[in-house]
Amino acid sequence: MKRFLIATALLACFGCFGCAAKTVETRIVPAPASFEYGKGTLNLKGININCDPALDAPSVRAVRQFSDRLSLVSGKTSSVASPIGLARTVEGGKIKGMYFIKDASVPPEGYRISVSSRAAVIRASSVSGVLYSLQTLRQMLPLSIYGTEPDNSSRWTIPCCEIEDAPRFRYRGLMLDCCRHFFSVDEVRKVLDVMAFYKLNRLHWHLSDDQGWRVEIDKYPRLTEIGAFRNGTMVGGDWKSNDGIRYGGYYTKDQIRDVIAYAEARGITIVPEIDLPGHMQAALASYPELGCAGSQPQPYEVWTIWGVSRQVLNVGNEKTMQFLEDVLGEIADLFPGEYIHIGGDECPRDEWKTDPDCQAKIAELGLTADGGVSPEARLQNYVTARMQKFLAGKGKKIIGWDEILEGELAEGATVMSWRGTAGGIKAASMGYDVIMTPNSHCYIDYIQSEDMDKEPFSISHMWSPKKKKVKTPITLERVYGYDPLGEIPAGDQGRILGVQCNLWTEYIATPEHLEYMLFPRVLALSEIAWSDPARKDFDAFRQCLATRQLPLLDLLGVNYRKLD
Ligand code: TNX
C-alpha cells in the first residue's frame with residue numbers, strides 16, 4: 001500500500017507514471033482495498049487467456065468480451081480457453097497468460113489480481129468479482145481499451161502488482177428520475193455503462209410520479225395512454241407558466257426487459273420505484289375513480305408543474321388497493337431483483353381527513369391519534385404494511401423513503417434516508433436496514449458550485465432566487481467527503497446496506513444536462529460506496545479524474561462538469 005501511495009504521489013507530480021506514461025495509470029477509481037506494486041510489467045498484447053472450467057457462463061462471457069476488445073484495439077488476437085492442468089501452470093507461473101480462477105475464499109463481489117512479468121492470475125468467487133476485476137484491469141490499460149479503434153501506438157502492458165479488493169458496501173446505488181423528464185432507453189444504457197466502470201451495482205429507477213407514468217402495465221393501459229403525457233411543462237421557475245408543448249413517453253415491458261438484461265450483464269440490478277400513495281397524480285388522471293371524492297380541481301390532469309401535489313390515492317377504497325396490488329404484481333413479475341421501492345414520501349393526507357371512504361377505513365381499522373401520529377398517518381402505515389405483505393408473497397422486499405418510519409413500520413422494510421441522515425440513524429437503531437441518500441450530500445439535482453450565475457438553472461436556484469451564491473452546494477468534494485457510517489453508532493453500522501445519489505429531474509430536460517449533473521459526482525459516489533475511508537484522498541482522486549477518468553468520459557461521449 002505504501003508503494004501505491006508513493007506512486008500516487010509521483011503521479012500527482014508528473015501526471016503520469018515514468019516511461020510507461022502512455023500505458024499505465026496508477027490510480028484506480030474506486031480505490032482498491034489494497035494495491036502493491038511489484039517490479040516490471042506484463043504485456044497483454046496477444047496474450048492467452050484461460051478460464052477455470054469452474055467459472056460460470058456469464059463470467060466466461062465477460063472475460064471473452066474483454067479478450068475480444070483487447071484483440072481489436074491491440075491489433076493482436078488473444079484467445080480464451082479452459083486449459084487442462086490449469087492449476088499446475090498457474091502455480092508454476094511458467095506459462096505466459098492470464099488466468100481467471102474461481103476461488104470460494106474470495107469475499108462476495110471481491111477479487112484478487114496477481115500480476116508477474118509472465119502471468120496475471122485473477123481470482124473471484126462470483127460473477128460480480130470477475131466483472132470488477134475486469135474493470136480494474138481496464139483501468140490499468142491505455143484508455144483506448146474502451147474504444148473500438150486499433151491503437152498501435154500504445155504499449156499494452158499492465159504493471160506487476162498484487163491487488164486485493166472488495167466493496168465496503170453491498171448497495172452502491174444511483175437513482176434516476178425518468179418521470180419529471182423522460183430519458184430514452186439509449187440514455188439509460190449509457191448511464192449503466194458508466195456505472196459499471198465504477199463498480200456501482202444498483203440503478204434505482206423512479207418510474208411513476210405526478211408528472212408522468214413511465215412503465216407499461218397490461219391491466220391498466222390508460223396509465224401509459226393518458227398518464228405518460230402531460231399538456232405542457234412550467235417554464236424555469238415560473239409556477240404560473242406553461243410552455244404549451246405536449247410532453248411524455250414511457251417504457252414498454254420489452255424495453256424494460258432489455259434494460260434489465262443490459263444492466264445484469266454489467267453487474268447492476270434495477271430497483272424499480274412505484275411511488276405511493278402520494279405522487280400519484282398521473283395515475284389519477286388515467287383512472288380518476290382511484291382518487292378522493294372531494295378532490296378539487298376535477299378532472300385530474302397529469303401535472304404540469306413541480307412540487308408536492310395534494311391529490312393522492314383514495315386508499316379507503318378497496319378498488320384502489322386492488323389497483324396497487326395489480327400494478328406491484330406486474331412490477332414484481334417484470335423485475336428480477338429482490339427489492340421493489342414503494343416510495344411513501346411527501347404524501348399530504350389532507351384529502352383523507354374529509355374523504356368518507358378513508359374515514360370509514362380508519363374507523364374499521366380502529367386507527368386513532370396516538371403519540372403525535374395522526375389516524376391518517378396510521379392509514380398510510382396500513383397501506384405500506386399491506387403492500388409489503390403482498391410483495392413478500394412474491395418473494396420481494398420493500399424499500400421506502402424515510403417518511404415510512406412515521407407511526408409503525410413492519411419488520412423487514414428497508415429505509416432510504418433522504419431528509420438528511422436522521423431517518424437513517426433512527427431506522428438503524430430500530431433494527432431496519434438502511435440506505436443512506438441524505439440530501440445534504442447525495443442530492444445531485446442540487447447545484448454543484450456556489451456560483452449561481454455560472455451553473456445551469458437548478459432546484460437550488462428556486463430556493464434562493466435573489467442570491468448570487470449558495471451556501472452548501474453539493475460539490476464534487478462534498479460528495480466525496482461523505483461517510484455513510486460517519487454518524488452511525490458502532491453497534492448499528494451493520495444495518496447500513498449502502499449509499500446512493502439521487503438525480504431528480506424537474507429542471508433537467510436533456511441528456512447533456514443529465515450527464516452534466518451526474519458526472520463527475522457519480523465517480524465520488526463510487527469511491528464512498530466502495531473504498532475504505534482510510535484509502536480516500538481527494539487530491540489524488542481529483543488528479544486521477546483529470547488525467548484519466550474525465551478523458552474516458554470524453555471518449556465515451558459523456559458530458560460532465562469540468563473540474564474547478
Ligand atoms: C424531494 S426525495 C422528493 C422529490 C423531489 C426532490 C427534489 C424525495 C423522496 N422526494 O419528489 O424531486 O425532493 O430535490
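Strands β5 (residues 111-115) and β6 (residues 119-124) pair in the antiparallel sense, over four bridges. Within this pairing, I113 stands opposite I122 of β6. The model is predicted. Both strands belong to an open sheet of seven strands. The strand order is β1-β7-β5-β6-β4-β2-β3. Pairing across the sheet is mixed. The edges are formed by β1 (34-43) and β3 (80-81), and each of these strands pairs on one side only.

E109 is not a glycine, yet its phi is positive, at about 70°. This residue lies in the loop between β4 (97-102) and β5. The bond joins V29 and P30, with omega of about 0°. P30 is placed in the loop between α1 (2-14) and β1.

The domain assignment divides the protein chain into domain 1 (2-165) and domain 2 (171-531). The C-alpha centres of domain 1 and domain 2 are 38 Å apart. Contact between them takes 14 residues from domain 1 and 15 residues from domain 2.

Strand β8 (residues 171-177) pairs with strand β19 (residues 496-503). This pairing is parallel and spans six bridges. L176 has L503 of β19 as its bridge partner.

The bond runs from L276 to P277, with omega near 0°. P277 is found in the loop between β14 (269-276) and α8 (281-286).

Two helix pairs were examined. Two packed helices are described by the angle between their axes and the distance between the axes. The crossing of α9 past α12 is right-handed. On the α9 side, the contact involves E318, M321, L324, E325, L328, G329 and A332. On the α12 side, the partners are Y382, V383, R386, M387, F390 and L391. By class, this contact has nine nonpolar residues, one polar residue and three charged residues.

The other pair is α5 (residues 185-197) with α18 (residues 538-556). These helices pack at an angle of about 155°. Their axes lie 12 Å apart. An angle over 145 degrees counts as roughly antiparallel, and α5 is therefore roughly antiparallel to α18. The crossing of α5 and α18 is right-handed. From α5, the contact uses K190, V194 and F197. From α18, the contributing residues are L552, L553 and L556. By class, the contact of α5 with α18 has five nonpolar residues, no polar residues and one charged residue.

Terms used:
Residues numbered from 1 in each chain as written. Predicted model: local features only at pLDDT ≥ 70, side-chain atom pairs only at ≥ 80, totals over all residues. Heavy atoms only, no water. Axes fitted to C-alpha atoms, helices over the stretch in contact; angles between N-to-C directions. Helix = DSSP H or I, 4+ residues; strand = E, 2+ residues; numbered from the N terminus. Parallel < 35°, antiparallel > 145°, perpendicular 65-115°, else oblique. Left-handed = near helix turned anticlockwise from the far one by under 90°. Contact = heavy atoms within 4.5 Å. Nonpolar A, V, L, I, M, F, W, Y, C, P; charged D, E, K, R; others polar. Pairing = 2+ DSSP bridges. Domains from an automatic or database assignment.
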